[in-house]
Each structure stands twice: as C-alpha cells, then as structure tokens.
Amino acid sequence: TYYLSKAGHRVTVLDKGDFTDNCSYGNAGYVCPSHFIPLAAPGIVQQGLKWMLNSESPFYVKPALNWSLIDWGMKFMRSASKKNVKDSAAPLRDIALLSQEQYAGWSKTPGFDFAYEHKGLLEIFQTDKMADHAVHTVQQGKELGLEVELLDKAAMQAKEPHTSINAQGAIFFKCDAHLYPNKLMQNLMVRLKEDGVVFEPNQEVTGFETKAGRVNKVITGSRSFDQVDEVVLATGSWSRALAAQLQLRIPLVAGRGYSVTLEDSPYRLNHPAILTEGRVAVTPMDGNKIRFGGTMEVVSTNTPPRFNRVNGILRAVKDFLPEFDITRPPDEKIWSGFRPCSADGVPYIGRSTRTRNVVLATGHAMLGLSLGAGTGLLVKELVNDEQPSIDLKAFNPERFQ
C-alpha cells in the first residue's frame, strides 16, 4: 500500500476487521536476514509428531478431516527436505535484505518513528545437538554473505551483562534488526491516510466478479467495489479460500502464535533473542518494553485460542533466563494471531496467469513483518510491470498448481 500510493495509485484497503489487531501488531518485531532456513526443513515433521500430544508444545497441528489441511500437510512433508532448504536460502536472504533496506530508509524519514534498531540477534542454544546445528548454520550464513559468528558461553554472556543465561552459547546474527510493531503500524496508517489511502474496515471479501480474465468487481458481505484496475490479494491466513475463487491453488494453513508483552519491563536484554530449544522469541522494544512470543499452532481460523500455550513460552524463558520471573497474565492480556504458512516455507508473491490483474502477496508465516516492506516494494513493481528488485522465481504463487 505504501509503495503503490507513492507511485501515484489510488489505493483502497479492505479488511475483515478494523485494522487494529493482526499479526503485524503482536509479532516479535524481527527484521531478520538470519531466517534463511524455511519452516519446511528436515526434522520438523518428526519433531512435530513428538509434540502432538503436548498442549503446551511449540508446534501443534490439530487433526481434522479437512482436504485443504491434508493437501497442505502432504506437500509440507515432501518439502521438508535438504533440497528445499538449499533452494530457499538465497531467495529468503534476498527478500529479507531488500526489506531491511526499506525499513532502514523509512526510519530516517522525519516524524516516522517505529523504534528501529540494527543491533543484531542472538540465537541461544543449550544442547550439544543444537550446538552442532549452530556450526552448520553459521557456515551457511557466511556462505550467503551474512554477518554471523558463533559465540561461546562467555562471549554470549558478555553481550548480555544485565542477566544470566543458562546456555552453552549462541549464534550472533549481526545482520539482523528489530522494531516495535505497534508503533510501525500506527504511524504507517497515519501516513497512508494523509497520502489519500482509503481504509474500509469490517469489509470481509466474499468473492469476485470476473470478465475476460480480469477481476472487475470485489464483493464483500455488505458492498461491492468496482472501478477495479488491480487487485492485491494479501489476506494472510484467509488467502487460500479467496485464491481458490480465482482458480488459484495455494496450499496454505493458519499457524497461530501467542505473545506476552511487558510494557515497563524490570528485566533487560541488549539484543533480541531466540531460545532455540524452546522455540521462543524474546525482543526488547521501544526502550522499556520486552515481548515473549512463540508457538506454531496449525488450526482453523475459527478455533478459539488455547491460552495455556503461553505456559510453555514462559517456562522456556525461565529455563534460559532464570532471573526472568514472568507471571502469566490474564487471558485478555495475551495476544494471539494467525500466520499464513505456505507448504514449503516460502511466501507466495507474484502475478496470477489466470486472472491477469491479480497480484498475490501472502504465505509469509512468521516472517510477515520482517519481509513486509520488501514485499510491498515488489508488489508495486509487479503492478507497474517494472523489473522486480529481486528474482521472484522461488516465490511463484502458482508453483503448486
């Protein structure tokens, strides 16, 4: 929306909610080239099966006789391979670096503050198995040209002198940055409205009217929007069903995450951190805040939240950071939201060949904010028929057709 508006397009944004509570608000705030290993990687299926019976585990798939889930699951299992990791690394790096470049530029814009900091990220590990994995990850990162190094326990602890860490060591991804998502979204909406972007809340898209291979009307529960030149389908975890109405098959499921934020934290970290074995993200934000997030709960979008999953997040925090004594807040203070997960861990970004004025931008899983600015630039380039800033072959939304 930002880039389309800047390019002179008249933009209307339709949202099923009120624009105030989605994954762009409650996530960990990472802008992370370090995340070049896709969700569909070797070992994730076996680990997921081990976690299936634990209601507080980091990864859970709710069994269901649902063809879209079965189809996604079969493709996900086939994608969880060394080849997928190898093929996805460079594309994920490229779009992350592109996105980081955009955020860094935004942060220099007068009056556009979203607490952007480029301080790096620690990926902290406790076990020998993860220590071995860290060696390979560092090697991969260096081969991709990223600033990354392996830290022993002393070097790791030296970066975080404010609290003790129960771990063997860490990967330090100097290439990573972070921001405060709430500030980003609030200030971005103000700017977009000033630029003339129209926001239409509570307008859930239910269908499209097409003619001669193009969408000429977008239909919601209460209205229809015509005068359509281009449609950008960026509907997150609800994208699969909408894409199907346009004869596009994109294997995608909703993966719910949870987070807890201390608004005035008594605990301090210098850097964002991933607690590897616990699958938990910890981010210091905006000076005095700290956020704890995690879990991947693959469920339908109408499944009520299971807030007991936060117990597992906070238990992992205590295990890694023993001085952090975080009490589970009441349910109404816990954030949850759905991440759209593709079948191979790579987003769907590209123009449809079946409906010529439709561009897709979805399936970013846990990287929605990290890759958001870069994706926005790529969407503008697609709409304007410009040469994309990066090679989009790996992101082809029709790769599973």
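Q: Which residues of helix H4 are buried?
A: This is a predicted model: local features need pLDDT of at least 70, side-chain atom pairs count only at pLDDT 80 or more, and totals for chains, interfaces and linings use all residues. Residues are numbered from 1 along each chain as its sequence is written, and side-chain values use heavy atoms, with hydrogens and water left out. Buried means under 20% relative accessible area, exposed over 50%, partly exposed in between (1.4 Å probe, protein chains only). In H4 the buried residues are Ser68, Leu69, Asp71, Trp72, Gly73, Lys75, Phe76 and Ser79.

Q: How far does H4 reach from its first C-alpha to its last?
A: Helices (H or I, at least four residues) and strands (E, at least two) are DSSP runs, numbered from the N terminus. The expected span is 1.5 Å times one less than the number of residues. H4 covers residues 67–79, which is 13 residues, and its reach is close to the expected value. That reach is 18 Å.

Q: At what angle do H5 and H11 pack?
A: Axes are lines fitted to C-alpha atoms, for helices over the stretch in contact, and angles run from 0 to 180 degrees between N-to-C directions. H5 spans residues 82–107 and H11 residues 372–383, with axes 6 Å apart. The helices are therefore roughly perpendicular (65 to 115 degrees; under 35 is roughly parallel, over 145 roughly antiparallel, the rest oblique). The angle is about 100°.

Q: Which residues of H11 make the contact with H5?
A: Contact means heavy atoms within 4.5 Å. H5 contributes Ile95, Leu98, Ser99, Gln102, Tyr103 and Trp106. From H11 come Gly372, Ala373, Gly374, Thr375, Leu377 and Leu378.

Q: Which residue in the turn between E15 and E16 has a positive phi?
A: Six antiparallel bridges join E15 to E16 (residues 289–298). Valine 282 has phenylalanine 292 as its bridge partner in E16. The two strands form a hairpin with three residues between them. The residue with a positive phi, about 55°, is aspartate 286.

Terms used
Pairing = 2+ DSSP bridges.
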